[in-house]
Amino acid sequence: MTPYSPAAIEPKWQDIWAEGQIFTANRSADKPKYYVLEMFPYPSGRIHIGHVRNYTMGDVIARYKLATGHNVLHPMGWDAFGMPAENAAMASGGHPKDWTYQNIADMRAQMKPLGLSIDWTREFATCDPEYYGQQQALFIDFLSKGLIYRKKAVVNWDPVDMTVLANEQVIDGKGWRSGADVERRELVQWFFKISDYSEELLSAIDGLDNWPAKVKLMQANWIGKSRGLQFAFDRTDGGQIEVYTTRPDTLLGASFVGISPDHPLAKELEAKDAKVAAFCAECRKGGTTAEAIEKAEKLGLDTGLTVKHPMAGQPDLPVYIANFILMDYGTGAIFGCPAHDQRDFDFATKYGLPIIATFLPDADAPNDLATAYVPPKTEKVFYTKGFAGGAWQTGEQAVDAAIAHCEAHAIGQGVTKFRLRDWGLSRQRYWGCPIPIVHCDTCGAVPEKKENLPIELPYDVTFDVPGNPLDRHPTWRNCACPACGAPALRETDTMDTFVDSSWYFARFTAPHAPTPTNMDDAAYWMNVDQYIGGIEHAILHLLYSRFFARAMQITGHLPDTAIEPFNALFTQGMVTHEIYMTRDTAGRPVYHFPQDVKNGKLADGTVVEVIPSAKMSKSKKNVVDPDDILAQYGADTARWFVLSDSPPERDVEWTASGADATYKHLARVYRIASEIAAAPDATGTGDDDLLRAMHRCIHDVTMGLETFGFNAAIAKLYAFTNVLGKSTATAATKRQAALVLAQLMSPMTPHLAEDIWASLGGAGLIATAPWPVADPAMLVSDTVTLPVQINGKRRTEIVVAADASAQTVETAVLALDLVQKALDGASVKKLIVVPGRIVNIVI
RNA sequence: GCCGAUGUGGCGGAAUGGUAGACGCAGGGGAUUCAAAAUCCCCCGGUGGUAACAUCGUGUGGGUUCGAGUCCCUCCAUCGGCACCA
């Protein structure tokens with residue numbers, strides 16, 4: 001008997017699968033299609049164990065669906081544009097393209113030994129001109145349908161490096177390379193009109209039945225629908241300031257008007273007042289993220305202007321420029337009600353503005369607030385300065401009443417606004433999809449002709465100076481205007497990499513089509529039946545993809561059945577690991593790789609401090625290299641381990657002892673199967689028990705795979721293996737059970753399963769063998785053991801016929817000595833018999 | 001602060017409102033062996049008891065129910081996510 005040797009069997013079966021092309025997807029009318037997709041990786045250069053878990057989950061689904069008679073599409077590609085390639089080029093002098101394609105080759109070489117059932121014929125990288133050329137075609141089509149437009153928007157500007165910075169390149173408000181204070185600067189940029197679809201993207205969330213509720217909630221909050229009042233304050237010196245508020249019921253508590261430093265009025269004042277200009281410049285320091293703006297100290301400047309309160313008899317209000325007001329949301333101007341908004345309260349306290357409550361918890365509550373009073377809008381409060389509706393009403397009712405009042409008195413209009421902003425896609429970087437636009441002195445910004453696509457990135461660029469190499473390329477920009485033919489200049493901005501990942505799932509249905517998609521293929525394969533990835537993509541990637549599917553439908557690139565591209569979404573947890581730490585002589589932490597720690601000690605005997613399991617990170621050195629794991633244990637062990645122990649949506653802790661135990665278990669299965677294969681035909685006992693356990697296992701594992709209960713399915717397989725290992729059944733029955741065990745394991749441990757299948761004489765490949773079906777008759781037994789409770793506490797159990805009537809069970813239970821003793825002559829108040837489940841006697 | 005999730009043995013976790021702790025890890029005992037590795041068998045929530053068994057036990061305190069880890073409410077803790085969003 002040969003021992004279990006993954007190094008021998010895994011490559012062997014991978015070669016056989018590849019030769020048989022069994023994972024190559026072709027359209028077929030005979031079978032239902034099933035499209036399973038894992039979020040494609042960024043080619044950083046090394047796969048990590050988190051990738052292994054992600055792809056293994058997808059692979060289990062793909063293999064299970066293949067075995068259950070589906071025509072499966074399971075592709076893989078590379079999200080290959082992005083900053084790390086440019087950073088690497090800057091750091092080491094290489095080229096982003098070479099770096100990226102080398103990384104792809106390395107990672108593909110790491111992934112192939114995992115034995116994933118991927119159709120590699122569909123592989124592409126988003127940096128392939130064939131892919132991004134079609135993306136440029138999409139851009140042109142979107143532009144023609146008004147789905148893309150240009151406007152000014154702020155970017156992070158590094159004044160020393162003279163370059164645009166991404167948010168992640170801004171560290172504590174400073175440029176990551178130069179260390180200079182980052183400024184906000186306006187550039188003209190391209191935008192997707194995703195905000196036109198706010199209502200649609202929000203309401204369609206309801207139909208996403210197989211998405212995690214958490215993700216749906218996060219998307220809904222991100223889109224952020226609100227109802228409020230829009231109206232204009234009249235300036236006492238003429239002109240108006242338009243404001244939007246979600247709390248019009250607090251209008252009588254207004255004590256100032258605030259405008260954004262980017263508000264047109266602020267810019268007007270800036271031009272003629274040095275003090276305002278200096279203040280606005282101060283406000284523009286720091287990054288563009290909401291977080292950076294939030295963390296900045298709240299600053300205000302009294303403009304000296306005043307506005308009239310729209311309600312009669314109210315005092316005029318001062319106008320402040322304030323750094324916490326965003327030009328992007330609402331109208332870029334607010335009225336401040338310090339009594340009912342903590343931020344306004346802080347501002348009013350700082351600048352000595354009045355604090356006027358409009359409602360209180362009850363009629364005789366004190367009216368001097370020490371902090372803003374902000375109850376939930378659903379709470380009923382007492383309005384001391386209400387102007388619509390009753391004195392006692394909820395915030396919601398008061399808001400509705402206030403809007404109705406203001407509309408009736410021509411003060412303003414009720415409007416619905418969304419938090420969702422348009423998606424800026426311009427990036428001032430080299431390693432991305434060029435925006436196919438030509439700038440002509442006479443014709444303006446003109447889309448490139450489709451026959452000129454792809455507009456390829458030039459290879460001859462350098463990264464020795466900051467900024468976008470496309471800007472300083474000697475010839476690449478020069479071209480003819482697509483409209484008039486005159487000499488013109490190409491746009492040098494490239495697209496946000498989220499664009500690349502917003503339609504790759506559609507491209508997989510026809511990866512080499514001469515158009516973005518092939519409608520026949522898209523109609524056949526879309527939607528993605530099961531999408532699997534990390535929770536970190538819950539908002540942006542998934543929302544952008546939902547928008548793209550709609551835009552592609554409008555431009556004729558997807559059927560209207562595909563506007564929600566992901567039928568089911570699963571967000572898997574991370575793989576974590578303990579952290580091993582010692583301290584150097586200065587007391588600073590020093591981290592150690594898991595392979596350098598044995599029994600809590602380093603090789604030199606130093607005891608390490610063990611920090612509880614956390615997300616793997618290179619700096620904490622709590623990482624395991626999939627290459628090492630595969631070399632030590634093989635792919636099947638890695639696959640089995642990352643699925644066992646923890647539910648897939650939760651984090652799983654990688655432990656060396658767990659991996660050892662997994663390997664031992666697989667070796668045991670292999671040994672048991674080998675013994676069965678080698679055993680002569682012989683009679684035995686307990687066939688029925690083994691077959692019943694087998695059918696029970698088929699049922700349980702199938703249920704587990706259907707519901708992402710991988711860890712539970714694996715537990716059932718352990719239990720069945722124990723039964724099989726101890727069984728004394730006839731050789732033929734054991735053989736049958738071992739074949740089924742191999743099948744049930746095959747989605748998780750495909751190589752081991754194939755090998756067992758072959759040694760036991762299974763027909764063909766296990767990968768394509770039909771999934772076993774549990775016989776319902778074998779799932780029920782003749783007798784059943786019922787727990788007997790007295791007053792809800794389990795006291796004993798009783799064995800009765802499975803089909804015994806409630807009456808029979810009652811009689812049997814009441815006859816029990818223990819029950820009679822407990823009764824002690826008293827009468828039974830109530831007797832509950834749940835057939836097949838439990839008996840409860842209430843005394 | 002708001003929103004969301006989670007809380008079960010030494011550990012990871014299991015449990016359509018129906019015997020809490022499946023399965024695995026760690027631990028203990030035994031078999032096999034000259035010995036070890038590997039393998040196999042048994043035990044393994046707390047307390048009391050030789051045992052049978054009793055009793056307590058799913059973050060806290062209540063509630064619904066014949067019956068609650070599961071449903072409802074309060075609080076606590078941990079972990080995520082988010083916002084100067086007007």
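What is the relative accessible area of Asp-627?

Author: The relative accessible area of Asp-627 is 30%, and this residue is therefore partly exposed (buried is under 20%, exposed over 50%, partly exposed in between, with a 1.4 Å probe and protein chains only). The model is predicted: local features need pLDDT of at least 70 and side-chain atom pairs pLDDT 80 or more, while totals for chains, interfaces and linings use all residues. Residues are numbered from 1 along each chain as written, chains are lettered from A and ligands numbered from 1 in written order, and side-chain values use heavy atoms, without hydrogens and water.

Asp-627 forms a salt bridge with Arg-46 at 2.9 Å, N to O (a side-chain nitrogen of Lys or Arg within 4 Å of a carboxyl oxygen of Asp or Glu). Because Asp-627 belongs to helix 18 (residues 626–633) and Arg-46 to the loop between strand 1 (33–38) and helix 2 (49–67), the pair ties together parts 581 residues apart in sequence (helices, H or I of at least four residues, and strands, E of at least two, are DSSP runs numbered from the N terminus). Arg-46 is also partly exposed, at 43%.

The structure holds 24 salt bridges. In another, Glu-186 meets Lys-267 at 3.3 Å, N to O. Glu-186 lies in strand 7 (residues 183–192) and Lys-267 in helix 8 (residues 264–272), so this pair ties together parts 81 residues apart in sequence. Glu-186 is partly exposed at 35%, as is Lys-267 at 33%.

Asp-688 and Arg-692 pair at 2.9 Å, N to O; both lie in helix 21 (residues 687–706), 4 residues apart, about one turn of the helix.
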